[in-house]
Amino acid sequence: MTDLRSPESAVAHRPAPARTPTPGRSGLNAGVRFGRLSGALLPASGLLIAFAVWWLAARLELVHPAALPTPGSVLSAFTDKPARMLEHTGRTLLEILIGFALSAAAGILLGLSLASSRTVERMFTPLLVAVNAVPKITLGPLLVVALGWGQKPILTMVFLLCFFPIVLSTATGLTTTPADLAELVRSWNASWWQAFRKVRFPAALPQIFVGLKVAMPLAAIGAVIGEFQAGESGLGYVVTQYAGIGDTATAWAAIMLVALVSIVLYSALVFLERLALPWVRETTSTR
């Protein structure tokens with residue numbers, strides 16, 4: 001039998017197509033919350049695993065107890081004298097920050113000089129490589145002789161350890177400007193200062209931050225080495241003093257504080273990088 005209904009009525013009686021489910025805002029928020037939670041839980045899980053391995057090695061005496069006390073005894077060594085340990089931590093933290101700031105300022109300026117002049121690069125690069133190749137711990141006694149006891153040789157040690165990575169990363173970043181950006185600057189007939197301020201330096205900042213993040217843990221190492229040689233306070237001084245009298249628990253407590261300070265400062269630098277360079281995470285691939 002012929003259907004006499006109009007085309008409009010036939011279309012109106014057709015079943016509606018099934019809608020494809022789309023992720024809602026609740027699913028997006030759940031993913032963000034999971035990412036934040038995993039960002040806090042995963043580092044904590046790694047630390048718990050490390051402490052568990054440490055505790056097991058100490059309990060089974062895989063290492064002599066005099067050299068590796070249990071985590072509990074290290075914690076007790078800190079809680080027995082917290083004010084004194086925090087005082088030494090503050091001293092080491094100050095040396096790390098001052099030495100790192102000096103090396104960052106000088107390293108960025110020298111990296112800029114190397115990137116701006118081929119003559120300067122050829123003149124000073126071999127010298128920088130030679131200085132970086134010298135084991136810095138061998139310079140400790142000489143720094144004490146030249147600068148005396150106290151903060152000067154310690155800051156010099158921090159400076160020497162941090163300086164080269166910052167110089168190298170700055171020079172590399174400034175000499176590897178993307179070709180399309182360099183061509184755009186030339187098309188604008190921009191001056192050297194305009195090109196540097198608007199394109200070359202912003203493009204080099206991710207590479208500069210790589211050097212700063214490499215140098216930050218080295219600053220802590222340099223401060224401790226300097227305190228071994230010339231310190232009258234600080235966590236390196238605590239390690240040498242208490243290890244010398246057989247109190248390895250307190251020495252390990254100082255070592256743990258050095259590690260904690262390094263983690264905090266490195267995390268602060270990563271946070272600063274994200275604030276200063278928000279476009280990097282948006283324009284690069286993520287894992």
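Which helices do the buried residues of H10 pack against? Let's work through that one together.

A quick note before we start: this is a predicted model, where local features need pLDDT of at least 70, side-chain atom pairs count only at pLDDT 80 or more, and totals for chains, interfaces and linings use all residues. Residues are numbered from 1 along each chain as its sequence is written, and side-chain values use heavy atoms, with hydrogens and water left out.

So, helix H10 covers residues 235–244, and its buried residues are Leu235, Gly236, Val238, Val239 and Tyr242. Buried here means under 20% relative accessible area, exposed is over 50%, and partly exposed is in between, with a 1.4 Å probe and protein chains only. Helices are DSSP runs of H or I, at least four residues, numbered from the N terminus.

Looking down the axis of H10, those buried residues fall within an arc of 155 degrees, so they line one face of the helix. That arc is taken over the directions from the helix axis to the C-beta atoms. As a reminder, an α-helix has 3.6 residues a turn, so residues three or four places apart point the same way.

And the partners? The buried residues of H10 pack against helix H4 (82–116), helix H9 (192–230) and H11, where contact means heavy atoms within 4.5 Å.

Just after H10, Gly246 takes a positive phi of about 85 degrees. Then comes Thr248, in helix H11, residues 248–276. Thr248 is buried, at a relative accessible area of 16%. Leaving aside residues up to four places away in sequence, Thr248 touches Pro65, Ala66, Pro69 and Tyr242. Tyr242, you'll recall, is one of the buried residues of H10.

Conventions. Helix = DSSP H or I, 4+ residues; strand = E, 2+ residues; numbered from the N terminus.
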